[in-house]
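Colleague: I'd like to learn how to read a model like this one. Can you walk me through it?

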Amino acid sequence: MVGSIFPVEIADVTVRKRGQALLDGISLSLAPQGITIVMGPNGAGKSTLLKALHGMERLNGGHIQWSQPKSVTQKRQAFVFQTPILMRRPVIDNVAYPLTLRGVSSAEAREKARQWLERVKLGPAAHQHAAELSGGERQKMALARALIGEPELLFLDEPCANLDGRATREIEELLLVANADGTRIIMATHDMGQARRLADDVVFLNKAKLLEHADAQAFFESPTTPQAQAFLKGEIVE
Ligand SMILES: Nc1ncnc2c1ncn2[C@@H]1O[C@H](COP(=O)(O)OP(=O)(O)OP(=O)(O)O)[C@@H](O)[C@H]1O
């Protein structure tokens, strides 16, 4: 049994594009358990941080040190984007895809996908075309496709940004169950209520810089920076 990919040490990470720093000297250590919520105003660098951790951004400085080699680390992660990627296939094949990629037989992959579709309450939609699903259903499908591979770490970038309350609640319940079952979660959200409901710890970014990393209770009750205080009051942060 190979050990955990956690903890991860993020040391002085900088990402620049077209002369602009999207991440500016970020240093952070993330523990093996829980749900980390990445918060901050528009353009703060939340998506870029998630993508950098997932190996999707070239770093201009610093480094990210996982507790396992890169080849192991990347296979143990999954990423759910704000707008789910849809394959032009039935829902069940979209969900089975990560397993077929790994060489699991089509019958076994489809059976596992069917079970996951039941868990996310999409069982009746299994044979619909993915493009026929509503926004909330697409996100649940994306979540099932991410979780079917039993990732040690799941990234989510604003997964509920365009969803109604009911779909948001369903996604949050699935995330809490996944986390209780052992999947580490790192998620970017604008939604303060969602952050309060889900976070064990909060990473607060503003203008490409890390301003706070704290336990959720400490962050929400006594944020230390004026920017986080203003953000939590719903003020515009500059
Ligand atoms: N490929 C790119 N080239 C140039 N600038 C970019 C690129 N991607 C993002 N940016 C800019 O970098 C900044 C940080 O973007 P990022 O998406 O990480 O922020 P965010 O906190 O996730 O924002 P939002 O809440 O709006 O999604 C923004 O100003 C954005 O416009």
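Colleague: Is helix α1 (residues 46–53) mostly covered or mostly uncovered?

Modeller: First, some ground rules. This is a predicted model, where local features need pLDDT of at least 70, side-chain atom pairs count only at pLDDT 80 or more, and totals for chains, interfaces and linings use all residues. Residues are numbered from 1 along each chain as its sequence is written. Helices (H or I, at least four residues) and strands (E, at least two) are DSSP runs, numbered from the N terminus. A residue is buried if 20 or more other C-beta atoms, placed from the backbone, lie within 10 Å of its own, exposed if 12 or fewer, and partly exposed in between. Here α1 is mostly covered, with 6 of its 8 residues buried: K46, T48, L49, L50, A52 and L53.

Colleague: What follows α1?

Modeller: G55, with a positive phi near 80 degrees.

Colleague: And the sheet: what is its strand order?

Modeller: Strands pair if DSSP finds at least two bridges between them. This open sheet of 3 strands runs β2-β1-β4, with antiparallel pairing. Since β2 (20–30) and β4 (61–65) are at the edges with a single partner strand each, one side of each is left without a neighbour in the sheet.

Colleague: How many bridges join β1 and β4?

Modeller: β1 (residues 8–17) pairs with β4 over 4 bridges, in the antiparallel sense. I10 stands opposite I64 in β4.

Colleague: How much of the whole protein is buried?

Modeller: Buried residues are 40% of the 238. The protein has 9 helices and 9 strands, and its C-alpha trace spans about 55 × 40 × 35 Å along the principal axes.
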